[in-house]
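This report describes a structural model of two protein chains and the contact between them. Please read the text beside the sequence and the coordinates.

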Amino acid sequence: MSKNAIGREIPEELDGVKLTPFDGAVKHTPLVRQDKGNRQLPRLNKLVDTIEQAVIKSGLQDGMTISFHHHFRSGDYIVNMVMDVISRMGIKDLTIAASSLMAHHDELIGHIENGTVTQLITSGLRGKLAKFVSAGKMGKPVLFHSHGGRARAIEVGQIKIDVAFLGVPSCDVYGNANGYTGPSACGSLGYAMVDAKHSETVVLITDFLADYPNTPFSIDQDLVDIIVKVDAVGDPKKISTGATRITQNPRDLLIARNAADFIVASPYFEDGFSMQTGSGGASLATTRFLTEQMEKKNITASWALGGITSQMVKMHEAGLIKKMLDIQTFDQDSIESIAKNRLHTEIDASYYANPLNKGCAVNKLNVVILSALEIDLNFNVNVLTGSDGVIMGASGGHSDTAIGSGLSVIVAPLVRGRTSTVTENVLTVITPGESVDVFVSDRGIAINPRRKDLIEHFKKVHLPFSTMEELLEKAERLVGKPDSIEFTDRIVGLVEYRDGTIIDVVRQVKALD
Amino acid sequence: MKLRRTMLYVPGNNAGMMKDAHIYRSDSVMFDLEDSVSLNEKDTARFLVFNALTTLDYGGIETVVRINGLDSPYGREDIRAMVRARPNVIRLPKTETAQDIKDVEELIEEEEKACGYEVGTIKLMAAIEGPLGVLNAYEIALASTRMIGIALGAEDYVTSMKTKRSPEGVEILFARSMILNAARAAGIYAIDTVYADVNNEEGFLDEVKLIHQLGFDGKSVITPRQIQPVHDIFCPTNKEIDHALKVLEVIKEAESKQSGVISLNGKMVDKPIVERAERVLEMAKASGINIDELEDDYNE
């Protein structure tokens, strides 16, 4: 027996369990209010004045892993802003684990050259930085992952993030953050939410300090260590456009119409189906033709996943889609929607597509429409490297949704410029052919022979069907067969499938050597 | 029945568009050597169109080439090259008289003979774009056995008529009617003028509905986006198809009973009604509707 801090007799041990006597209200919880008389609330101030102070406070050291998200798309200021500071501070040998990187992040080249950054883990690379990597100028290969694969890797500890630098459109002084309030609104913070949950230290960077509590919040205060207020986290004009417009390009519209015709004639087009479309070109335009058919045939979708655009929101508001699950919000109209509509729900990347959690949304998906840079005779899809072999795209949710969905529809023109989209073997496999169900182009539709049920179903349907071999022949008759791209033996990128296995490698392009 | 609901204009100097011209499923594609090609590109365009026609597979879609008039320095060379490229149809712009057609035909025949091709394989159509041509429409339509159609070109026409185009198109009603009537009298196709305001979908639909009601066979279109709306409007409705099937059914019944006066729902069924019903079903079949399936439904 001993007396605790308020004089009560407490046994040292009971039934073999050791007991710790009370030692005062704030003794073991240094983060709570220490002085009731101080009215400057809250006492626990996470706010620091500069990025540099945040970096110091985070304890960032050589060799650590830091993370960023890509919800600000091409408008993002955070990556360059933070990396400038870190580079100046002389911290070296960092791994950047970003959900994705954009063309304007080519400032990283300087930080790679001076040794600040030695490894990149990302969904994609574009522009000069991508070319830099393809040229073999980075020491370690880049690890490319899918959105679901990244969430898995973080949750199982394969990627251990020491400090997450997360730009948020708004947060309060305690760290409750959301993506739809403030001048730099981006909508869902789905990718960032995973980092916030699983990083050792979480730094929020915002340009809009909201009153406490900043409800509803996507990132909770209990996950946040440090907050920095900056002038701007991004360029609103580049973070989102007003409303995503459907293309006027006749070829994309033709592909979209073919895709919609195929989906409508498929067994998946039934009341209560679920769908996801991409945000660009033919993929987005498919929604226009689907809308017409859904109205005509009185069919509604129970939910849509993704990548939410104003087209989806319009369909929802017209009663054609009941609910939306949103990992990434693409335009102003959908940002407004997610802010006010409880049927438009924000989800994080793990909920979206982590293949090893107890249930991710892509598994419940009926139809997904995806694009492709290349697709081959085995239906393997490349969305990462261009026809010149240089990295130019991103893995994204491609492989996640392709395998998760019942019907994965790949849309692309058969010929782009002077190269065929259909090839004997794609340069880089992101999505394996066994998860791809149909390829829809402007010059024909090819069903994956593995889907015998679909081939049987479409026997009586009059659509421009071909085999992949026929499409390749058609394309080659038009543009010829190009010489193969020459690569060196040097591996500059590893493509990780969503389950963590390596599905392909990216090699150094000889012409850039 | 050969459909000519849509004839897609493709500038003859645009290789990218030419390579894809047929994938949008218009009934015909028309490569233009005339107004969409600037003077310094006339030979390039002729060369490109020649090579497109002789190299690419247009998948059976009717190919038409609009040549320059014989009053220009390019018309004759266009004919020389195009007879060798062998499109299905050569279209003469700004046709004023039957003689214009005869002159072109003569040159085509010369070239066909020179190449050893069967005379008469290349068909002709005439665009009528001025007041004199409108008055001569019937003679133009009959000017050659090669003639498959006449088309209105409204832009030049309204300028000659000292007016401009209106959304309702009242200023070209006379020309449309003349051309249509001439085409019907001659037994060839009547094709309507282009609708230039490509982003005005509503105005375009109104115009297509109007020319469909007037009786035109189709319309020249200037963007692939205009194709499907025309086909949709020209496609008979289920109600029309149903009615047509019923008309043919009662006719068949009456023939077997050898009864004289035939009626359906209290209305007399006579020859024009039967012809119309047959045309509706032909158009439906040509538009890709499976009539047999509908017939089954109907029989049930």
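Among contacts in chain A between residues at least 6 apart in sequence, what percentage join residues at least 24 apart? The share is 72%, where two residues are in contact if their C-beta atoms, placed from the backbone, lie within 7 Å.

The model is predicted: local features need pLDDT of at least 70 and side-chain atom pairs count only at pLDDT 80 or more, while totals for chains, interfaces and linings use all residues. Residues are numbered from 1 along each chain as its sequence is written, and chains are lettered from A and ligands numbered from 1 in the order in which they are written.

**Chain A**

Chain A holds 15 helices and 29 strands; these are DSSP runs numbered from the N terminus, with helices (H or I) of at least four residues and strands (E) of at least two. Chain A is as compact as a globular protein of 513 residues, because its radius of gyration is close to the value from the globule rule. The radius is taken over C-alpha atoms, and the rule is 2.2 Å times the number of residues to the power 0.38.

| Property of chain A | Value |
|---|---|
| Radius of gyration | 25 Å |
| Span of the C-alpha trace along the principal axes | about 90 × 55 × 50 Å |

Buried residues make up 54% of chain A; a residue is buried if 20 or more other C-beta atoms, placed from the backbone, lie within 10 Å of its own. In helix H11 (residues 332-340) of chain A, the buried residues are A:Asp333, A:Ser334, A:Ile335, A:Ser337 and A:Ile338. They pack against strands E16 (301-308), E17 (321-329) and E18 (344-346) and helix H10 (310-317) of chain A.

**Chain B**

Chain B is divided into domain 1 (6-234) and domain 2 (238-299), with bounds from an automatic or database domain assignment. The C-alpha centres of these two domains of chain B lie 34 Å apart.

In chain B, eight strands form a closed barrel, E1-E2-E3-E4-E5-E6-E7-E8, with parallel pairing; strands pair if DSSP finds at least two bridges between them. Strand E5 (residues 123-128) of chain B is joined to the parallel strand E6 (residues 147-152) of chain B by five bridges. Within this pair, B:Ala127 stands opposite B:Ala151 in E6(B).

**Contact between the chains**

Eight residues from chain B and eight residues from chain A take part in the contact.

Definitions and conventions. A residue is buried if 20 or more other C-beta atoms lie within 10 Å of its own, exposed if 12 or fewer, and partly exposed in between; C-beta atoms are placed from the backbone.
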